[in-house]
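Please keep the model open while reading.

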Amino acid sequence: MTLLLDPRKGDIEDDTSSTKGRSLLSLAGTLLVEISLPKLVAAWLLLVALPCVLLGLTPLFGSAWLTTFSRSIGSTYGGLLTFAIVLIVLAVGWFGGRTIFRIAEQAFWALNAMAVQPLYALFREVIRHFAELALGRWLDDESRARLRAYSAAVAGFILCTISLFIIWLIGPFTRWSAEFSDLLSPVALIVPALANAGVILFAYCTAVTFVWGLADASMDQPRGWSSFVDAAVLKRSWRVVHLSDVHVVGERFGFRLESGRLGPSGNARFSKVLARLDEIHAQKPLDHILITGDITDAGRSAEWAEFFSALRAHPQIAARTLILPGNHDVNVVDRSNPAKLDFPTSPGRRLREMRALSGICAVQGARTHVVDPDRRRIGKTLDQALAPHAEDIAAFSDTGTLRLSARLARVWAEVFPIVLPPDTEDGLGIIMLNSTALTHFSFTNALGLMSSEQSRSMHAVVRQFPKARWIVALHHHLVEYPTQAIALSERIGTALINGSWFVRQVQRISRRAIVMHGHRHIDWTGACGRLVIVSAPSPVMEARDTDPTAFYIHTLGVDEAGRYLIAYPERVEVPGS
């Protein structure tokens, strides 16, 4: 049979969302053409305009309320009302404090992700890029680290100045107090409310960009790592395979969202990786196979089914495999349309979370544990923690109701970090974190965030095992890599929104912990101060079917002096077809 078009090779439709085969300008053009304008307007009104108006009205309503009730505060009813309001606030804080804090923290970083981080990262990386182009021949590691710090400080100062200028422009239109009678004409308050919201938001941006620039400038800047040791000096060691971003697809000849036809098709490459691991394990046993996120290409059921189909054929490898979620597992609204919007009330995000959670539980549910939020110690196994919610998860996958979605949101939030405890008091444990950030828009699916709740649980687990060593595993990179980039587009890579804060958190345990992550498909090992950070290349992406790829086996261990060290990594090549 002669085919005019070979369907195995794909076509232009497979490149719709590819950042490898299309420029960002081309993708932006597609986004503008394909986006649903009514849904965009509705989402903008719901997520931006309405909160801004409410924020701007808050001081007006607050001043009117204070004016009205201050007159009756001494009366019996006024005093009782004030006392009742205080009691209600205290009750809400007591019974729902953890949930409210979680929502507030998520909203805080969501605001940063929308209003601050993109511009700050753009300014910082543009300054670094052109400074390195101009001064590159004279820069060594130390001077490049100083340049990174100066760039962060300058970017923060520039955005701080811009924000103050905007505040100066809209300041005359603000109004900060009102009488109760003014509230009877709400239309007249729209302009002052919007001006108030603008001043509040840009005042916030002024403070945040200043603090952000200062925090990034004062942190230990990332440097390449060269202090590998010979595995022979280690008194006790563990062999850990670090994989990431395998992007399993649901079709035999399907292409990946990011790479399109410039990347591999189907899952033959992933199957080759597993087969190669079987061979290696038979020759020299492996302790753990860690896959740091983006297990699937878009979090679809068919993709998870293909992942398990491949893993099931290698039981020895499956028994040692640990996985955690990446942005492609939970944040891709529509793999064929980057302009697709998802309303906050849509079941899509929660469905992808539950698929990921089901997959994680199937791989490691009996071996890993959740952290008890009250005792701050390792608690039930993941299997046991999810068992009471199994019926709700199954029902939600069939119905997608808002009630079940709200209930399961807490399950997703409280299950992380997932912990593989050390087998002995001085063994190796693995703490798996969820770094995916909430998004309703495919074009921004790569954002990362680390919650303070997970950070506190991580420290609690480390304290519980004072002699153990740890791998802290997450999907997103903590900092942008200190390597000179060829193109500016290579420099802005959606690291953790609060990466500099989280670096400082993990540095507190850096003598007993090493960080492993994926996300950027880049092979890099470096350090921020004493904290060693290992980035995994993708053994599947960044190559066509005929090209070779690679992954690494890391030997971690302890020497006679009790130091936690990393040996020279073993590079394993996966041949093309």
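Is His288 buried or exposed, judged by relative accessible area?

## His288

The model is predicted. In it, His288 has a relative accessible area of 13%. The cut-off for buried is under 20%, so His288 counts as buried.

His288 belongs to strand E5, which spans residues 288–292. Neighbours within four places in sequence are set aside here. The contacts of His288 are then Arg239, Val240, Val241, Arg320, Leu322, Leu420, Leu428 and Ile430.

## Helices H12 and H13

H12 covers residues 390–399, and H13 covers residues 402–414. Their axes come within 10 Å and cross at roughly 135°. That angle makes H12 oblique to H13. The crossing of H12 with H13 is left-handed.

Which residues meet where H12 and H13 touch? H12 supplies Asp392, Ile393, Ala395, Phe396 and Thr399. H13 supplies Leu404, Ser405, Arg407 and Leu408. By class, this contact holds five nonpolar, two polar and two charged residues.

## Aromatic pairs

How many aromatic pairs does a search of the whole structure find? The search gives 10. One of them joins Phe465 and Trp470. Their ring centres are 5.9 Å apart, and their planes stand at 65°. Planes over 60 degrees apart count as edge-to-face, so the Phe465 and Trp470 pair is edge-to-face. Phe465 and Trp470 are both buried.

Ring pairs also build a cluster. Its members are Phe270, Trp304, Phe307 and Phe308.

Terms used
Residues are numbered from 1 along each chain as its sequence is written. This is a predicted model: local features need pLDDT of at least 70, side-chain atom pairs count only at pLDDT 80 or more; totals for chains, interfaces and linings use all residues. Side-chain values use heavy atoms; hydrogens and water are left out. Axes are lines fitted to C-alpha atoms, for helices over the stretch in contact, and angles run from 0 to 180 degrees between N-to-C directions. Helices (H or I, at least four residues) and strands (E, at least two) are DSSP runs, numbered from the N terminus. Angles under 35 degrees count as roughly parallel, over 145 as roughly antiparallel, 65 to 115 as roughly perpendicular and the rest as oblique. A crossing is left-handed if the near helix is turned anticlockwise from the far one by less than a right angle, and right-handed if clockwise. Contact means heavy atoms within 4.5 Å. Ala, Val, Leu, Ile, Met, Phe, Trp, Tyr, Cys and Pro count as nonpolar, Asp, Glu, Lys and Arg as charged, and the others, Gly among them, as polar. Rings of Phe, Tyr and Trp (its six-membered ring) pair if their centres lie within 6.5 Å; planes under 30 degrees apart count as stacked, over 60 as edge-to-face and the rest as tilted. Buried means under 20% relative accessible area, exposed over 50%, partly exposed in between (1.4 Å probe, protein chains only).
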